[in-house]
Amino acid sequence: MTARVWHVSMECVPFSKVGGMADVVGALPAALRGVGVDARVLTPYYPQLYRGEVGAEVGAFDVWIGDAPHRVRLLEAGPHTVLVDQPTAFDRPGVYDDPTRGEGFDDSLFRCLVLQLAARVAFQRGILEADIVHCHDNHTGILPAYVKDDGGPKSVFTIHNLAYQGVYGADQFWLTGLSSDRFYGHSAFEYYGDLSLMKSGLLHADLVTTVSPSYAAEIVRPEFGQGLDGALRGLGERLVGVINGIDTDLWNPATDELLPFPFDASDPSRKADVTRALRERTGLNDDPASPLLGMVSRVTHQKGLDLVGSILPHLMRRGAQVVLLGSGDASILDLFRGAAGRWPGRVGLLTGYDESLAHLVYGGADVFLMPSRFEPCGLSQMYAMRYGAVPVVTKMGGLNDTVPPFDEKSGEGVGVLADWATAESFQGAVDYALDLWPRKRLFSQMRTNAMKRDFDWERSAARYAELYEQVLSA
Ligand code: ADP
């Protein structure tokens, strides 16, 4: 039997993207179809974020949130995707926030309820047919409870980032429409007196996965469990780490139309031209002897870019150039803005979210910095490797699983790992990469290893297929 699996997610490339989850939900279903799973996606239609065509209506109904009905339309977008159209919830400039409504405005519970209730009703009415619903992160953490309540499909819940938990006041629980006797309690939604959608996902799903084996091992410990380590430990073998892949067609430096020049592992010579273009774009000196250190990131505490900020004087003394493309925390961005003023031609800051600049930074950088304090999987380091930017990362979560350290003797390995997310430890790791830089043969060996590393989805898709079988036969 071919398992029918619906992925439900607030983000999915090309319809929306905030972080790596969007790439995963955009690529994994196709990889699953490649290994014989009938995988499809249900995700919101954000008309302000997705300007492409949408197809026919496949269903229309009301969903009830609290005591108010909201009209939902399901629209086809290609053969494997259905979009949830509900303008009050999704006709906005952002996935999770709405800057036009002012600081502090938050109706995220309403928005994710629209998506999850649309899924629930579509399964109840047979508009969508599923053996398994595969839910992604806290915004879909109620759905496993819904399908359990309905005796509907089985559920798999994937943690992409435990730090975002969807915690709301307990007084909002009634909006879910679930019976509080059955679903509100310590072994369900209740989280230190509030309600946590993440916790609901963990405790109601038939199987919980997260996006790397190392992260799966970290989050059962109190220091990384974000208050849910007890619940996670309780899952035992029902918590599984499966590493993400990347879309190697979309992220291919040999065919990437967002790069000014193509290159690949067998002929990386034109990478130098991309580096020159990046320098031009960011106002850096045209100094090919200087190693160019790049970053592309959400700028949050998690990503540890403040650590790079604090070692910038050292990096300047070592003759490096630095480029950050990022958006987020104003104080960290200010630090880089200040540095760009202090070291003109050597530090570049690109603010905002820009897909084509991201490709340019991956393609142009010699070294990619990712000093995450924790990292469930991380995709950026994989894109960087594929584009010939050698990763220097902390030894956390998925970074630990995707960046085997370079070893001078054997010539194996793809990057450099810092043991700790501290400025001192990270500086030591960057220093090693900078020591290797003038030793051209070794550096290019490390870069070739990185570019040739296999990040294809195939193996991980096969693992998910196996897990689906397990869930269905349980
Ligand atoms: P996370 O999901 O925690 O943000 P990942 O490394 O898994 O981290 O994924 C980040 C994704 O977002 C990558 O595809 C990266 O290229 C992209 N990205 C992050 N910041 C920016 C930005 N400012 N402009 C363009 N792309 C960005």
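Residues are numbered from 1 along each chain as its sequence is written, and side-chain values use heavy atoms, with hydrogens and water left out. Because the model is predicted, local features need pLDDT of at least 70 and side-chain atom pairs count only at pLDDT 80 or more, while totals for chains, interfaces and linings use all residues.

I start with the domains. The assignment, which comes from an automatic or database source, gives domain 1 (4-245 + 457-473) and domain 2 (271-451). Their C-alpha centres are 32 Å apart. The contact, meaning heavy atoms within 4.5 Å, takes 20 residues from domain 1 and 19 residues from domain 2.

Now the ligand. Around the ligand there are 20 residues, counted when one of their heavy atoms lies within 4 Å of it. Lys17, Gly20, Arg298, Tyr362 and Ser380 come nearest.

Next, polar contacts, which are pairs of N or O atoms within 3.5 Å. A backbone N or O atom of Gly20 is 2.6 Å from a ligand oxygen. For Arg298, a side-chain N or O atom lies 2.6 Å from an oxygen atom of the ligand. At Leu379, a polar backbone atom is 2.9 Å from a ligand oxygen.

How much of the ligand does the protein bury? Alone, the ligand exposes 560 Å², and the protein buries 94% of that, by the Shrake-Rupley method with a 1.4 Å probe.

Notes
Polar contact = N/O pair within 3.5 Å; in protein donor to acceptor, adjacent residues only side chain to side chain.
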